[in-house]
Amino acid sequence: MNIDKTYIGATLGLTLPALTSLALWRFAYRGQQEFVDFVWSLASLDSASTLIAVCSLPNLALFILFVNFNKIKFARGVFLTTLLYALLLVIFKFGIQ
């Protein structure tokens, strides 16, 4: 199976940060609060941008890995979704209204 497709990279680029945030919640709070409450508490503390930035870091590793394996279309999909997360980060950080 050829995974060098932009849509496969974009799909993984979207899901990996979400899975990372779930893992952070699971290991940091160990069931003390629900995931939705965790996200809302971060938003109320203006820490949502930090969560987005930290959870997007695995995309960097994924991007570098697939560029080194010469899977450029896959890496392009990861890069495009990382740009979407960066736009979301700017919106949360600077409160574009």
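This is a predicted model: local features need pLDDT of at least 70, side-chain atom pairs count only at pLDDT 80 or more; totals for chains, interfaces and linings use all residues.

Residues are numbered from 1 along each chain as its sequence is written, and side-chain values use heavy atoms, with hydrogens and water left out.

**Stop 1: the whole chain**

Start with everything selected. The protein chain has four helices and zero strands, and the order from the N terminus is α-α-α-α. Helices (H or I, at least four residues) and strands (E, at least two) are DSSP runs, numbered from the N terminus. Along its principal axes, the C-alpha trace covers about 40 × 35 × 20 Å. Of the 97 residues, 26% count as buried.

**Stop 2**

Now pick Leu57, Leu60 and Ile64. Together these three make a nonpolar surface patch with about 290 Å² of accessible area. Accessible areas come from the Shrake-Rupley method with a 1.4 Å probe, and for residues only the protein chains shown count as cover. Patch members need over 30% relative accessible area and no salt bridge; like charges are joined within 9 Å, and nonpolar side chains (Val, Leu, Ile, Met, Phe, Trp, Tyr) within 5 Å. A salt bridge, in turn, is a side-chain nitrogen of Lys or Arg within 4 Å of a carboxyl oxygen of Asp or Glu.

Is Leu57 buried or exposed? Leu57 sits in helix α3 and counts as exposed because its relative accessibility is 53%. Leu60 belongs to helix α3 (residues 48–68) too, but its 49% relative accessibility makes it partly exposed. While Leu57 is selected, draw a distance to Ile3: the two are 54 residues apart along the chain, and their C-alpha atoms are separated by 21 Å.

**Stop 3: helix pairs**

Two packed helices are described by the angle between their axes and the distance between the axes. Here the axes are lines fitted to C-alpha atoms, for helices over the stretch in contact, and angles run from 0 to 180 degrees between N-to-C directions. Angles under 35 degrees count as roughly parallel, over 145 as roughly antiparallel, 65 to 115 as roughly perpendicular, and the rest as oblique. For handedness, a crossing is left-handed if the near helix is turned anticlockwise from the far one by less than a right angle, and right-handed if clockwise.

Colour α1 (residues 6–29) and α4 (residues 72–94): their axes are 6 Å apart, at an angle of about 45 degrees. This pair is therefore oblique, with a right-handed crossing.

The α3 and α4 axes lie 9 Å apart at about 165 degrees, so α3 is roughly antiparallel to α4. Their crossing is left-handed.

Last pair: α1 with α3, whose axes come within 8 Å and cross at roughly 130 degrees. That angle makes α1 oblique to α3, and the crossing is right-handed.

**Stop 4**

Zoom to Leu14 in helix α1, partly exposed at 41% relative accessibility.

Next, select Ser47 in the loop between α2 (35–44) and α3. With a relative accessible area of 22%, Ser47 is partly exposed. Its C-alpha atom is separated from that of Lys93, 46 residues away along the chain, by 8.6 Å.

Finish in the loop between α3 and α4, where you will find Asn70. What is the phi of Asn70? The angle is positive, about 60 degrees, although Asn70 is not a glycine. Most residues other than glycine have a negative phi. Asn70 counts as exposed, at 56% relative accessible area.

Note on methods:
Buried means under 20% relative accessible area, exposed over 50%, partly exposed in between (1.4 Å probe, protein chains only).
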